[in-house]
Amino acid sequence: MAAAWGRAKRALATSLCISVPARHMAIEDSPPEAGAAEASSSVAQEKAESASVSLRRLTSFGSRSSQKICSICLGGMRSGIGQALFTAECSHKFHFHCISSNVKHGNLICPICRAKWKELPSAQPADANYGRARVSPLNWPQDEGHMAVVRRLSHTYSGSLQEHLPFFRTPEAGIFNDDEHIDLQSDTANEHDAVTGSVEIKTYSEFPAIQQSVAQEVFAVLIHLKAPKSSHSACSRAPLDLVTVLDVSGSMAGTKLALLKRAMSFVIQTLGPNDRLSVIAFSSTARRLFPLRRMTLTGKQRALQDVSSLVASGGTNIADGLKRGAKVIDDRQLKNPVCSIILLSDGQDTHTLLSDRGLLNYSALVPPSILPGTGHHVQIHTFGFGSDHDSAAMHAIADISSGTFSFIDAEGSIQDGFAQCIGGLLSVVIKEMRLSIECAADGVLLTSIKSGGYTSQVAENGRSGSVDIGDLYADEERGFLVTLHVPAAKGKTLLIKPTCTYEDTITTENIEVQGEEVSVQRPAHFVDCKMSPEVERELHRVQATEDMSAAQAAAEGGAFSQAVAILEGRRRILESLAAQSSDSQCLSLITELREMQDRVESRQRYEESGRAFMLAGLSSHTWQRATARGDSTDLTTTIHTYQTPSMVDMLQRSQTLAAPGVDTLNRSPTMAPSHRSPHRFRRPTRSTKSFSGRPL
């Protein structure tokens, strides 16, 4: 019996990559109490046989794991490459940084064999010398062991290391004010290279002329804004504070978690040394993996190791994840100019929301401290992963915080979704932008502003209005249709004058840009004029968005045939226009409407992927910002509205790295994102299946 129990324990230890020396097996491998020994002998024998199969599968790694893997951080250990190692009295070896941190938190026994130590490693803070003691960028790519460990644990171990292995747990601080120090003056030398130009304001009136005797009740004017360009250099852009809130519930186990880790690896490698990252992992409860940490070479390596150790288990508590993410932001001692939260989940909140969809209060999921109007507003960009996530909740969280919602329905597209989002966040050139509109001539009144998701207001007297836009990425564009009442008049009528005010993210300078006054000619006789193509184009975009919203509302009410009819009607209108021109936006809308039609044809299709696809599309058009849905991040597709050059550049990097033969997880932090190294996962092609099993 003792021998069988010992074999089972040794096999289990090997599968968990924890070495159990023979001299401690006499203590650790003693069988259970005599009363239960015989009853459990057959079970132990089955465990031993099953574990021996696992052992045979691990012959390429398991026999050497105790010598090459630190059982605390799951990182590799190699002698002679600048790593400080600690060998305990019981002969087990660990990274000095890991074990001294363990001792500092009161763990005075061996994490492997539980032997009590008489001689302890120094408990002084290890961070000061961490980079010199452990990081070896030239040799870092060879340290692949910890990733193999995590991938194996994700498939063979259904529990949580934090729950079952006490030495993986460390106390969490009540106040998250331990963010890494930043030098807010470090980029001033490059301010003059950071942003090229200022916001560009263009206006287009619906018609160039109105007969002087005619009073026009509804006359449209398009106000088009474009953000300035910026340098792609990390040292000449606004640094970012990014908090990623990641779902690691039980449903994320296996491929999903592996793809999430790969996507996070891409994010970590992309961030610059002045950017800071903090990761929150949540399942039934949430936990901060590490505070806001600068993505230096050392910071990247430590972040990669922390993300690599994630294991899926438990339920889904989105509210607790966002609560901790908001706390990281609220408790910062110093702040980078740009700040954002990325939330990813593949399930439905099982702790905060009621089960009755009609009674759901999604605002309960969003911490009030980061909402618009609080002075500490932070956008939450949400990603719904797979067919089982709560797209309504994820869309609501994004909408409430002025962020975007993306739908990741193809397994391999999560990295591209993150890449597109990061491409935008790393190119923010404008903050706190506001568009003001003043009516010029007497009798001209502002009647409405088509502002989508942006807060807008029109004065009671109709003589002025405004739109709160917030931030803009480099080269990003916004269009706002305003309608006016234009009285009868002679000569030329001055209509409106637009003005933009905003803060430059690099210089923190407050800037005001005044647009030219918009006027219209007033001939005495009727003039047959064609509508401005720019106004017509924007009008069709707005109408298509309104029809998407109406179709989605019909589908929610179960009227799927009505939803299809609404989408088909708008698509046919656009197709007739496309026959006369090859406008890329028009073609993109046609493709998207056709895709929505297909996904809303039945209740099964709608609940499977239609709701998420439509909400991601509405999020994109409402905020005029790119989101991921379907194959929208594929650079060869036609559904890529609102993508900026920075987003496209980041997508190209992601898709280059996701090509066969490229591995982001085992690449050195010193390598540029465009360099190649071995890769295990292929990027999905058009024949790739979604999580629901249907071809895309």
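In strand 16, Val-467 is the bridge partner of Leu-435. Strand 16 (residues 464–473) has 7 of its 10 residues buried, so it is largely enclosed by the rest of the structure; buried means under 20% relative accessible area, with exposed over 50% and partly exposed in between (1.4 Å probe, protein chains only). The model is predicted: local features need pLDDT of at least 70 and side-chain atom pairs count only at pLDDT 80 or more, while totals for chains, interfaces and linings use all residues. Residues are numbered from 1 along each chain as its sequence is written, and side-chain values use heavy atoms, with hydrogens and water left out.

**Strand 16 and its partners**

- Strand 13 (residues 428–439) and strand 16 run antiparallel and are joined by 8 bridges; strands are DSSP runs (E, at least two residues) and helices are DSSP runs (H or I, at least four residues), numbered from the N terminus.
- Strand 15 also runs antiparallel to strand 16, with 4 bridges between them; two strands pair if DSSP finds at least two bridges between them.
- Thr-455 stands opposite Asp-468 in strand 16.
- The hairpin of strand 15 and strand 16 has 5 residues between the strands, and Gly-462 takes a positive phi near 75° there.

**Aromatic pairs**

- The structure holds 4 aromatic pairs; rings of Phe, Tyr and Trp (its six-membered ring) pair if their centres lie within 6.5 Å, and planes under 30 degrees apart count as stacked, over 60 as edge-to-face and the rest as tilted.
- The ring centres of Tyr-454 and Phe-480 are 6.0 Å apart and the planes stand at 80°, so this pair is edge-to-face.
- This pair links distant parts of the chain, 26 residues apart: Tyr-454 lies in the loop between strand 14 (445–450) and strand 15 (455–458), and Phe-480 in strand 17 (residues 477–486).
- Tyr-454 is buried at a relative accessible area of 8%, and Phe-480 is buried at 0%.
- Phe-560 and Tyr-606 have ring centres 5.9 Å apart and planes at 55°, so their pair is tilted.
- Phe-560 in helix 16 (residues 560–578) and Tyr-606 in helix 18 (residues 603–623) are 46 residues apart, and their pair links distant parts of the chain.
- Both Phe-560 and Tyr-606 are buried.
- Tyr-454, Phe-480 and Trp-623 form one aromatic cluster.

**Charges over rings**

- The charged end of Arg-625 sits over the ring of Tyr-473, 3.8 Å from its centre; the criterion is NZ of Lys or CZ of Arg within 6 Å of the ring centre and within 35 degrees of the ring normal.
- Lys-256 places its charged end over the ring of Phe-385, 6.0 Å from the ring centre.
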